[in-house]
Amino acid sequence: MPAPTVLMGAVAYDPKVVTIWEGFRTWLRGRGLDFDFVLYSHYERQVEDLLAGRIDAAWNSPLAWVRAERLAAVNGTAVRALTMRDTDQDLTSVVVVRADSPVHQIADLTGRVVAVGAVDSPQATLIPLDHLAAAGVAVDVRRFDVGVGLHGDHIGGERDAARALVAGEVDAACMIDANHLAFVQEGTLPPESTRIVAQTARYDHCNMTVRAPESDGVRLFGTLLLGMSYADPQVRPLLDLEGLTAWREGRTTGYDALADAVDTSGFYSLDGRVTATDYRP
Amino acid sequence: MSATPGAAVDLGDLGFGRGAHLLVQRALAGLPPGGRLAVSGRDPALRVHLPAWCRGRGHRVEWPDRGEPNELVAVVVRGSADDDRWFGAERAGPALPSALSSRPPARWALGARGALLEAGGPEARFDLDDRDLVWADIAPHLYAQAAARQWDPQTAVPWNDPFALPADVEAAVVQVMTYLVENEQAALVVPARFVGRIHPHFREVVQLLAVQMADEARHMEVFSRRALLRGAEMGTSSAGGRQSLFTLVAESDFALASFLLSVLGEGSFVDLLSFLHENAPDPVTRRICWLAMQDERRHVLFGMAHLEHQARLDPLLRDRLRAAIHRRHDALVDTAGLNADVFDALVLLAAGGWHPDDVSAGFDRVQALQHAMDQGRQRRLVRLGFRPDEAAALSALHTRNFM
């Protein structure tokens, strides 16, 4: 009997993506799964190809998940989050001001210039702007469009927003919590130079999106991913590169805030079409 | 929250931007996976940074119920990633060189000897990985001695002492210095070709060879500097002399190269430098020959020590050494050997003047030097286990170029 197969899509947001998935491919093939991957230059085509059946699994951003779910519903099919990284669960975004800023609470941001990441960044643009809008705070948005189409995987937009804040070009900047920590530790944001004035509710990030019902290959893929151990020296460097210590069962309870933000901003229509006017991946 | 934490850490005003993770990490290290740590502190960003930090390290965070103490930020539930990282880790042998591995594995090569090595990582290939082939118990001692006796060419030599030599004596010094520079050059290149092939588990040997190379670098410097101290031209270099050095640097077997260079070549060089020290016409030449001689003695000691050790374990080693001498002799049989200009310069330096009696005496002294070199080589060959008559025959086959 031939080995079950899986063809997975991943977005090439960084050269390390090749190292990671070539390494995982070797590991997965050694365990009876005929696994291969294709790389996409942006998430939109990857999602469309998943729904069209050209790939069996898509290593998706949260925004790509939202679109996949909508496109599947229109087709009368369904998608499922097979797995996700432990680090994809319970993230938050923050809105940061300079320590000496007159802004002390979220309402004080009204009418101020707020730096965000790329147009399609869930964590540095869509979710925090929706958080401000929900609080009734209307701001002047200054966007840092680095890596458009990569759904915020490229850290450049967030870093540029943080730099603009330090340089006094904007009144506030939005970023994911872990990047705020990273920017403080690497010195992009000098320690004690900034204050956090708002924090979003917890949300989830990437997941391995598959079509339901799953094939044998996809089921084996999920089982094998969940079996990867940080104690295994063959995969540990790959897990470090991919930024996780363990794969978790996929869950879809952490995407409501993003789905709301997508609707508020008109990024995708309810039937999954790209409707953001200034989005050219 | 579900259960009372087993441990607590108070970060005070310290935030993650200034090292708070060190305190959290230290407190977590004392807990088993699943152990709970109550973290409190006053840094305003702590509630954002603590969970972000924990997430990346596989720890879970539980949030306090309302009514918990104000400064309690969260309870961290220790994950297993820290332990998993060290699963299958091993020590790269003993830290001290008393019980070295006879064949250290390639996976140890880029770690510090004795360090706890995380499993995985590259297997760097160092082909000289046999303890019996590279090690000598005297290596750490010789290295310490070598490191302690490094001298500064600028201050260790009386470069400015006044002296004036007749032009032909100065020319003889320049000729000998030229010869010494090219021999020291080869003596640097030979260990350089092996030092990157020796498994770093035998690091004292690597260190010793590195210092030996530094010794040769200084020798090249001081001999060149003496050659050009009174003029602007170096002496001559014969094709036969360079052919002899070529057969030395082309040897790719560590034991054989060490034998030809240290035991036979540098051994003979110690006698030559001693001769030059005694017959030097000026204080600079006298001093640099003495300094170089001390270093070369150490090189010979190490070469002898590791070959003696190897000869005890491997009865076939002597066959290989014998073959190496014959091979080199055959390769050089049609060459002139020592540069005639060098030989004549040595005679003149030993003569100290142009009177026929002086020249005759100088000639005798150079012959005595060659005899002393031969005797020294024979002694060392006997120590390596050759019979005296064979040692004499083999010594006679050594290159006429001395090195």
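In the predicted model, A:Ala68 is in contact, leaving aside its neighbours within four places in sequence, with A:Val47, A:Leu50, A:Leu51, A:Ala58, A:Asn60, A:Val79 and A:Thr209. In soluble globular proteins, nonpolar side chains tend to be buried together.

Chain B contains 15 helices and six strands, and of its 403 residues 40% count as buried. The radius of gyration of chain B is 32 Å, whereas a compact globule of 403 residues would have a value near 22 Å; along its principal axes, the C-alpha trace of chain B spans about 110 × 55 × 30 Å. Among contacts in chain B between residues at least 6 apart in sequence, 73% join residues at least 24 apart.

The contact between the two chains takes 23 residues from chain A and 20 residues from chain B. On the side of chain A that touches chain B, the elements that give two or more residues are helix H6 (177–186), strand S10 (194–199) and helix H8 (236–242), and H6(A) gives the most, with six residues. By residue class, this side of chain A divides into 11 nonpolar, eight polar and four charged residues.

Key. Residues are numbered from 1 along each chain as its sequence is written. Chains are lettered from A and ligands numbered from 1 in the order in which they are written. This is a predicted model: local features need pLDDT of at least 70, side-chain atom pairs count only at pLDDT 80 or more; totals for chains, interfaces and linings use all residues. Helices (H or I, at least four residues) and strands (E, at least two) are DSSP runs, numbered from the N terminus. The radius of gyration is taken over C-alpha atoms; the globule rule is 2.2 Å times the number of residues to the power 0.38. A residue is buried if 20 or more other C-beta atoms lie within 10 Å of its own, exposed if 12 or fewer, and partly exposed in between; C-beta atoms are placed from the backbone. Two residues are in contact if their C-beta atoms, placed from the backbone, lie within 7 Å. Ala, Val, Leu, Ile, Met, Phe, Trp, Tyr, Cys and Pro count as nonpolar, Asp, Glu, Lys and Arg as charged, and the others, Gly among them, as polar.
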